[in-house]
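Student: I have a new structure to look at, and I would like to learn how to read it step by step. Could you guide me through its features?

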Amino acid sequence: MTLTTLEIKDKTFNVKFRGYSIDEVNEFLDMVIDDYEEIIRSNHDKEQRIKDLEDKIAYFDNMKESLTQSVILAQETSDKVKSSAKIEADNILNKAQNDAYTLIEEAKAKANQIIRDATDDAKRVAVETEDLKRQSRLFHQRLLSVVEGQMGLVNAPEWHDLLQPTAVYLQNSDAAFKEVVEKVLEEHVPETDDSNSMDATRQFSPEEMEELQRRVAEGNAQLEAAKKASEEVSKPTIEIISEQSDDASNTF
């Protein structure tokens with residue numbers, strides 16, 4: 001049984017002969033009471049402190065349990081996240097590999113198609129080039145034939161007599177003069193020897209001169225028309241040569 005300070009204070013003792021001094025005993029009891037009260041207060045504080053600490057321990061125990069559950073839950077969540085992340089990473093990797101394979105195959109197909117198209121274009125260009133060369137050879141042969149024909153026409157011996165001055169023509173050919181006179185005057189000129197040749201300077205009548213001038217004008221007109229016709233024939237040939245040359249230049 002725990003004594004209280006009041007019980008100690010109210011405690012009485014029987015008095016005997018030659019016993020303890022009452023004052024000293026009371027004084028000592030007062031000291032004991034004070035110390036006892038101090039001890040009681042200290043114990044009470046300690047008990048309260050112990051109770052607080054026990055409450056805190058219980059709180060921390062509960063918190064520890066909660067933290068343990070949280071750690072376990074976090075670990076489980078982490079494992080799930082890791083597993084999901086690994087699965088997603090594997091899916092992304094597989095998809096990337098499939099996409100890369102698809103892109104490579106498409107690139108190969110496009111490259112092969114480009115090569116085939118380029119080969120076909122090269123073959124077509126080669127065929128067209130060969131055809132143009134063949135046409136150029138034919139054109140060259142035709143042009144050579146035309147030029148040779150034109151050169152033959154230009155170098156014809158008839159041009160020598162045709163291009164001589166009229167005076168030389170009359171001086172060197174009495175027969176030609178006779179032919180002209182016969183055509184203009186419509187009369188026969190008799191044959192004569194060299195000693196008695198026809199006088200080319202004889203006087204013509206005005207009518208004969210007019211007829212002669214008209215015939216000469218007609219002859220000049222015919223020569224001019226022939227010259228223009230020759231130029232018209234030569235012009236398309238020159239244009240064809242120019243066009244063929246341009247086509248050949250553009251082709252090569």
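Tutor: Let us begin with burial, for which a cut-off is needed: a residue counts as buried when its relative accessible area is under 20%, as exposed when that value is over 50%, and as partly exposed in between. In this predicted model, the buried residues of helix α2 are L29, I33, Y36, F139 and L143.

Student: Which residues does helix α2 cover, and how does its confidence stand among the elements?

Tutor: Helix α2 covers residues 22-154 and has the highest mean pLDDT among the elements, 88, whereas helix α4, at residues 166-172, has the lowest, 50. For the protein, the mean pLDDT is 75, and 65% of the residues reach 70 or more. Over residues 193-201 the pLDDT is below 50, and this stretch has nine contacts in the model beyond near neighbours in sequence.

Student: What span should α2 have, and how far apart are its end C-alpha atoms?

Tutor: The expected span of a helix is 1.5 Å times one less than its number of residues, so the 133 residues of α2 should span 198 Å, and the 182 Å between its end C-alpha atoms agrees with this.

Student: How many aromatic pairs does the structure hold?

Tutor: The structure holds one aromatic pair, formed by Y59 and F60, with 5.6 Å from centre to centre and 65° between the planes. Planes over 60 degrees apart count as edge-to-face, and that is how this pair is classed.

Student: Are Y59 and F60 buried, exposed or partly exposed?

Tutor: Y59 counts as partly exposed because its relative accessibility is 49%, and F60 likewise counts as partly exposed at 49%.

Notes:
Residues are numbered from 1 along each chain as its sequence is written. This is a predicted model: local features need pLDDT of at least 70, side-chain atom pairs count only at pLDDT 80 or more; totals for chains, interfaces and linings use all residues. Side-chain values use heavy atoms; hydrogens and water are left out. pLDDT is the predictor's confidence in each residue, from 0 to 100. Helices (H or I, at least four residues) and strands (E, at least two) are DSSP runs, numbered from the N terminus. Contact means heavy atoms within 4.5 Å. Rings of Phe, Tyr and Trp (its six-membered ring) pair if their centres lie within 6.5 Å; planes under 30 degrees apart count as stacked, over 60 as edge-to-face and the rest as tilted. Buried means under 20% relative accessible area, exposed over 50%, partly exposed in between (1.4 Å probe, protein chains only).
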